[in-house]
Amino acid sequence: MTKNIICFGEVLFDVFPTHKKIGGAPLNVALRLASLGINAQIISRVGNDEIGRELFAFIKKNGVDTDTIQIDENLSTGEVIVQLNEKGSASYTINYPVAWDKIICIPEDEIRVKKADALVFGSLVCRDGVSQNSLLEIINYTKYAVFDVNLRAPFYTKEILVNLMMQSDFIKFNDDELYEVSAFLNSPYHSLEQNILFIAEKTNTKHICVTKGSHGAVLYYNEKMYYNSGYKIDVIDTVGSGDSFLAGLLSKLLYDENPQEAIDFACALGAIVAKNEGANPTISSKEIDDFMNP
């Protein structure tokens with residue numbers, strides 16, 4: 001039976017020096033999930049403007065349910081200014097306030113979340129009280145809460161991160177985020193694995209994944225560690241690679257597939273995105289197979 005996953009949070013345009021691309025971490029996850037054959041929805045909000053209509057049409061065309069996207073009559077659709085360094089790593093300037101800062105919790109969405117197999121959300125959407133309160137309300141209805149930690153200074157606080165972690169069944173960090181969060185929880189440990197176990201115990205979370213850029217990822221799943229050491233590629237840009245990684249991981253784990261196969265698949269998918277431009281390149285299952293088994 002096909003799984004149904006709802007993502008909650010920002011939908012926007014990433015504006016690069018020479019062009020713009022559709023993005024937003026929860027949307028990137030939803031788009032990749034849909035491409036992997038999962039029923040994906042995104043609860044978000046766009047402005048009643050030209051780029052909002054463009055975003056809406058793109059999401060629909062790519063197989064993600066748009067019934068849960070709200071229209072804001074006052075605020076514009078979100079945009080993020082992206083700068084890339086010589087290695088293709090991105091830094092972001094995130095406009096505020098925009099439509100996705102004012103996502104409202106509605107009864108229909110609560111019913112949808114109740115029926116879904118998982119709810120995926122990040123920390124960035126909590127920068128505004130309206131969207132934050134809606135998320136904290138809607139988490140109560142999910143069977144499986146997936147927290148994609150997304151630390152974008154100055155848009156987070158220790159309190160909200162701890163609150164979201166305590167309510168999550170699965171937490172995904174990158175390695176920098178893991179160490180930052182471990183530090184403000186007063187972890188005495190230095191190694192990645194020790195800090196994963198420390199956070200798992202502190203937050204009562206059985207499933208934690210940490211990505212390590214080009215060096216792959218570590219997955220802690222039902223008291224076991226699983227590793228992938230990464231794939232060697234020529235990076236074009238890293239925008240959205242972590243989002244596709246998460247989508248790939250969930251697309252396997254939610255069907256109870258082997259966690260080692262899940263992390264291998266997820267790392268391959270993230271690497272393929274990083275060797276393409278933008279967050280949402282079209283990737284076929286044959287391309288993933290060929291990449292993993294040259």
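What follows is a short exchange about a predicted model.

Biologist: How are residues numbered, and which pLDDT do local features need?
Modeller: Residues count from 1 along each chain as its sequence is written, and side-chain values use heavy atoms, with hydrogens and water left out. In this predicted model, totals for chains, interfaces and linings use all residues, side-chain atom pairs count only at pLDDT 80 or more, and local features need pLDDT of at least 70.

Biologist: How much space lies in the largest pocket?
Modeller: On a 1 Å grid over the protein atoms alone, a pocket is an open set of points with protein on both sides within 12 Å along at least five of seven lines. Grid points are joined across faces, edges and corners, and a volume is the space filled by probe spheres set on the points. For the largest pocket this gives about 1,300 Å³.

Biologist: Which residues of its lining lie nearest the centre of the largest pocket?
Modeller: Lining residues have an atom within 4 Å of a point, and the largest pocket has 47 of them. Elements that each supply at least two include β10 (170-174) and α8 (241-253); helices (H or I, at least four residues) and strands (E, at least two) are DSSP runs, numbered from the N terminus. Nearest the centre lie Asn174, Thr238, Val239, Ser241 and Gly242.

Biologist: How many residues of β10 are buried?
Modeller: Buried means under 20% relative accessible area, exposed over 50%, and partly exposed in between (1.4 Å probe, protein chains only). Strand β10 is mostly covered, and of its five residues the buried ones number four.

Biologist: Which residue of β10 is the bridge partner of valine 146?
Modeller: Two strands pair if DSSP finds at least two bridges between them. Strand β9 (residues 145-148) runs parallel to β10, with three bridges. The partner of valine 146 is phenylalanine 170.

Biologist: Which residues touch the most other members of the largest nonpolar core?
Modeller: A nonpolar core is a set of buried Ala, Val, Leu, Ile, Met, Phe, Trp, Tyr and Cys residues joined through side-chain atoms within 4.5 Å. The largest one has 47 residues, and its largest share, five residues, comes from helix α7 (residues 192-203). The members touching the most others are Phe173 and Ile199.

Biologist: How much space lies in the largest cavity?
Modeller: A cavity is a set of grid points where a 1.4 Å probe fits but cannot get out. One cavity of 30 Å³ or more is found in the whole structure. Residues including Glu10, Phe121 and Asn150 line the largest cavity, whose space is about 60 Å³.

Biologist: Where is proline 154 found?
Modeller: A cis peptide bond joins alanine 153 to proline 154, with omega about 0°. Proline 154 is found in the loop between β9 and α5 (158-166).

Biologist: Is glutamate 223 buried or exposed?
Modeller: Glutamate 223 is found in the loop between β12 and β13. Its phi is positive, about 75°, although it is not a glycine. At 69% relative accessibility, glutamate 223 counts as exposed.
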